[in-house]
Amino acid sequence: MRTLAKFLTRNKGFLTFMLCMIMFRSAVADWNVVPTGSMQPTIKIGDRIFVDKAAYDIRLPLTHISLLHLADPRRGDIVVLDSHAANERLVKRVIGLPGDEVAMRGNVLYINGHAASYVTSSYDGIHDDLQNPAHYEIEHYGDMRHAIRLSANWPSPASNFGPVKVPAGQYLLLGDDRDNSMDSRYLGFFPRGEIVGRSRYVAASLDPQHHYLPRGDRFGAALD
């Protein structure tokens, strides 16, 4: 016990700092490594995204217990969630809000009976395009506007689904890489309580295809 007491006394400054850092990352802000391509081209494989954990709730540190409700996710938000259905942390885009009716026909999104509009676009530096060619569209519905990736050769069997109505307290989330995303089309709706934060910026980015060298142009990049 004396040895432990001496250790705590000698290192109380460091231990206090570490405890504060853990609490801060748990309840206020954190970063999240994105190892998969389900949000390409918006988020590239190897991006470290900044996660605002106080965007929607002030939570009890190290828990999902909300102490103060600040806001609810909006359509188009990129959210980070601890998914029970997927048994892992996910990064997806909010598409369907509680009460919405959502459907998809040939990768064309319909919300409450109205189709999103699409404009052809192009993106460079997506390594998956070498093995799985794709084309890109800007998807626009209301205030929501972002890029999506569509496989040229292997369209997802879930490119047609619904219509489904989003239950109260839940959200329909999709990946921007529509033919390569495990999202609400496979996992169902996601409860509000599983959403732990919102991401709007890339904190840093390392390119796994080039010896994890930094992508300088991605540091601080905004996520649309």
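Arg-149 has a relative accessibility of 1%, and because buried means under 20%, this residue counts as buried. The model is a predicted one, and the structure holds 14 salt bridges. Side chains of opposite charge can pair when their charged atoms come close.

**The pair at Arg-149**
- Arg-149 forms a salt bridge with Asp-129, and the closest N and O atoms of the two are 2.8 Å apart.

- A salt bridge joins Arg-93 to Asp-176, with 2.7 Å between the closest N and O atoms.
- This pair links distant parts of the chain, since Arg-93 lies in strand β6 (residues 88-96) and Asp-176 in the loop between β14 (170-174) and α3 (184-187), 83 residues apart.
- Arg-93 and Asp-176 are both buried.

- The side chains of Asp-47 and Arg-218 meet in a salt bridge, at an N to O distance of 2.5 Å.
- Distant parts of the chain are linked here as well, with Asp-47 in strand β2 (residues 47-52) and Arg-218 in the segment after β17 (213-214), 171 residues apart.
- Asp-47 and Arg-218 are both buried.
- Both residues also belong to a network of salt bridges that links Asp-47, Asp-207, Arg-215 and Arg-218.

Definitions and conventions:
Residues numbered from 1 in each chain as written. Predicted model: local features only at pLDDT ≥ 70, side-chain atom pairs only at ≥ 80, totals over all residues. Heavy atoms only, no water. Salt bridge = Lys/Arg side-chain N within 4 Å of Asp/Glu carboxyl O. Helix = DSSP H or I, 4+ residues; strand = E, 2+ residues; numbered from the N terminus. Buried < 20%, exposed > 50% of the residue type's maximum accessible area, 1.4 Å probe, protein only.
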